[in-house]
Amino acid sequence: MKSILPDGLSRRAVADAVRRALREDIGAGDLTTRRVIPAKCSGVGIIRAKERLVVAGLPVARLVFRQVDPRVTFKLLRQEGSRVPRGAGVARVEGPAGSILTAERTALNFLQHLSGIATYTSGCVAKAGRDCAVRDTRKTHPGLRDLEKYAVRGGGGENHRFRLDDGILIKHNHWRLAGGVGASVGRARRARGRGRSLPIQVEVSGGITQACLRRFVALRPDAVSLGALTHSAPWVDLSLRLEAAKR
């Protein structure tokens with residue numbers, strides 16, 4: 001698996017996410033494909049972008065096809081993180097047609113979702129300019145955090161905290177319960193143990209999207225974090241058209 005996943009992605013997390021997604025979609029078996037497609041039928045097809053996008057998730061889509069059937073080949077036509085014009089192919093698949101059809105929806109779901117995050121992030125990075133970093137949050141879909149934060153990086157953004165043990169971020173519920181911002185920061189500074197040397201951050205924000213990002217960038221911050229990168233980025237449109245492979 002090392003050969004098909006880029007650096008920065010947990011191999012176990014990705015493999016587990018793919019297995020769960022396939023189990024969810026296939027159930028006891030692909031009944032339509034079993035009944036309609038001859039077992040010996042081979043197929044070939046191109047996954048194409050139906051709109052302009054930044055592609056992310058190609059190695060994950062490839063893993064989907066590999067888990068369903070190692071005989072399916074998956075050739076990259078575009079580099080991960082690249083800008084893709086409408087109508088361009090991003091990958092070519094070939095192999096047993098039944099296996100390709102069984103894996104198709106799950107592979108495209110990952111690809112459309114992660115490319116959507118990368119595309120939305122890229123738009124935010126363009127609006128923020130060179131002097132303001134665009135960072136994500138922990139507002140990710142359960143079980144998909146590694147993948148979604150990977151897609152943010154693919155779009156030119158940066159990752160904030162991955163987990164609660166990655167840093168000290170005091171939110172409004174923390175300081176309200178602790179007696180105020182000053183009291184919260186003081187308690188955090190005095191605390192001993194793991195995380196004592198980490199920077200202490202206080203959050204006073206919310207509701208930041210690509211549409212209003214420039215208002216915050218105008219305040220000249222070093223970085224802006226947007227939950228919208230992962231919880232509101234629209235899926236992009238990609239499709240796979242499969243043809244019978246020539247023998």
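**Salt bridges in a predicted model**

Reader: What do the side chains of Lys 171 and Glu 203 form?

Author: The side chains of Lys 171 and Glu 203 form a salt bridge, at 3.1 Å from N to O. A salt bridge here is a side-chain nitrogen of Lys or Arg within 4 Å of a carboxyl oxygen of Asp or Glu. This is a predicted model, in which local features need pLDDT of at least 70 and side-chain atom pairs count only at pLDDT 80 or more, while totals for chains, interfaces and linings use all residues. Residues are numbered from 1 along each chain as its sequence is written, and side-chain values use heavy atoms, with hydrogens and water left out.

Reader: Where do Lys 171 and Glu 203 lie?

Author: Lys 171 lies in the loop between strand S7 (168-170) and helix H6 (172-178), and Glu 203 in the loop between strand S8 (200-202) and helix H8 (213-217), so the pair ties together parts 32 residues apart in sequence. Helices (H or I, at least four residues) and strands (E, at least two) are DSSP runs, numbered from the N terminus.

Reader: What is the relative accessible area of Lys 171?

Author: Lys 171 has 25% and is partly exposed, and Glu 203, with 26%, is also partly exposed. Partly exposed lies between buried (under 20% relative accessible area) and exposed (over 50%), with a 1.4 Å probe and protein chains only.

Reader: Turning to helix H1, how far apart are Asp 16 and Arg 19?

Author: Asp 16 and Arg 19 are 3 residues apart in helix H1 (residues 11-26), about one helical turn. Their side chains meet in a salt bridge of 2.5 Å, N to O.

Reader: How many salt bridges are there?

Author: The count comes to 8 salt bridges.
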